[in-house]
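User: Hi! I'm new to this structure and would like to learn how to read it. Could you walk me through a few features?

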Amino acid sequence: MKHRLILQNITHTFEDGGMQRTVLDQLNVQVAEGELVAVMGPSGSGKSTFLSIAGALLEPTGGEVYVDGEAISGKNGQELAAMRLHKLGFIFQSAHLIPYLKVEEQLLFVARLGGMDRMKAAGRSRDMLHKLGLSHRGSAYPEKLSGGERQRAAIARALMNDPAVLLADEPTASLDASRGMDVVRLIAGEVKQSGKSAVMVTHDERVVPLCDRVLYLTNGGLAEK
Ligand code: ADP
Ligand code: MG
């Protein structure tokens, strides 16, 4: 079985008032193609730190991350940016849409950054908007959207360049229960359909049945309960 995301012996320490604090301690995880893993754990346990490291946004103090079989360490800034653009998709708690771009333009923008051909980008953005129930919202600015629509637009954008790995940090936190379920169902469906490896940090027990596995972040490591 292919694992598109592998974290090996990841350690991370922060400097805290002159003291070193170890947030992640020899953390190991492998996420298989088509697998959606939920990560839970109390506030401050290191969930966002873990996701940032998995997504090449933060360099760990020790250990190695492999994205689609490629090691992150040793890459320069430009190579890391390319990896984030082509191999990694992020979904955050709030949508982080660009306020002055219409929904469709947000998708075309990341496609252009990723070097996608214009015709292909136009077709794919139409498909993504359709899939996420946003066909009628393509020419709306983010401020005109509801919370659920914004989050779905952010998911469409994260999927636009067909990343190997999808990382979501509490994607349902700003949504009501039924919208939250819809959003996770969409993520799970896309992960299965296009064989991504996905990790979703969540506090929401209701979405757990939609995930393949639940891991708990405790004492700097990930464990099944
Ligand atoms: P979670 O997402 O589980 O709430 P975080 O990964 O955000 O946890 O943070 C884990 C711990 O690391 C917390 O104690 C936090 O204060 C600390 N921390 C996070 N980011 C930094 C940073 N940039 N500098 C120093 N300490 C940090
Ligand atoms: Mg967090």
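This is a predicted model: local features need pLDDT of at least 70, side-chain atom pairs count only at pLDDT 80 or more; totals for chains, interfaces and linings use all residues.

User: How should I read a nonpolar core, and which residues touch the most other members of the largest one?

Analyst: The general idea is that nonpolar side chains tend to be buried together in soluble globular proteins. Here, the largest nonpolar core has 40 residues, and Leu166 and Ile187 touch the most other members. Several elements give two or more residues to this core, among them strand S7 (165-169) and helix H6 (177-193). Its largest share, 6 residues, comes from H5. The core also draws at least three residues from each of domain 1 (1-87 + 165-225) and domain 2 (96-162). There is a second, separate core of 29 residues, which includes Val23, Leu51, Ala54 and Met83.

User: How much area do domain 1 and domain 2 bury between them?

Analyst: Domain 1 and domain 2 bury about 1,200 Å² between them, with 63% of it on carbon and sulfur atoms. On the domain 1 side, Leu85, Leu186 and Glu190 supply 38% of the area buried against domain 2, more than any other three residues.

User: And how many salt bridges does the rule find across this interface of domain 1 and domain 2?

Analyst: The rule finds 2 salt bridges there. Glu190 also forms a salt bridge with Lys131, where the closest N and O atoms are 3.1 Å apart.

Terms used. Residues are numbered from 1 along each chain as its sequence is written. Chains are lettered from A and ligands numbered from 1 in the order in which they are written. Side-chain values use heavy atoms; hydrogens and water are left out. A nonpolar core is a set of buried Ala, Val, Leu, Ile, Met, Phe, Trp, Tyr and Cys residues joined through side-chain atoms within 4.5 Å. Buried means under 20% relative accessible area, exposed over 50%, partly exposed in between (1.4 Å probe, protein chains only). Helices (H or I, at least four residues) and strands (E, at least two) are DSSP runs, numbered from the N terminus. Domain bounds come from an automatic or database domain assignment. Buried area is the accessible area (1.4 Å probe) that two parts lose on being put together, summed over both. A salt bridge is a side-chain nitrogen of Lys or Arg within 4 Å of a carboxyl oxygen of Asp or Glu.
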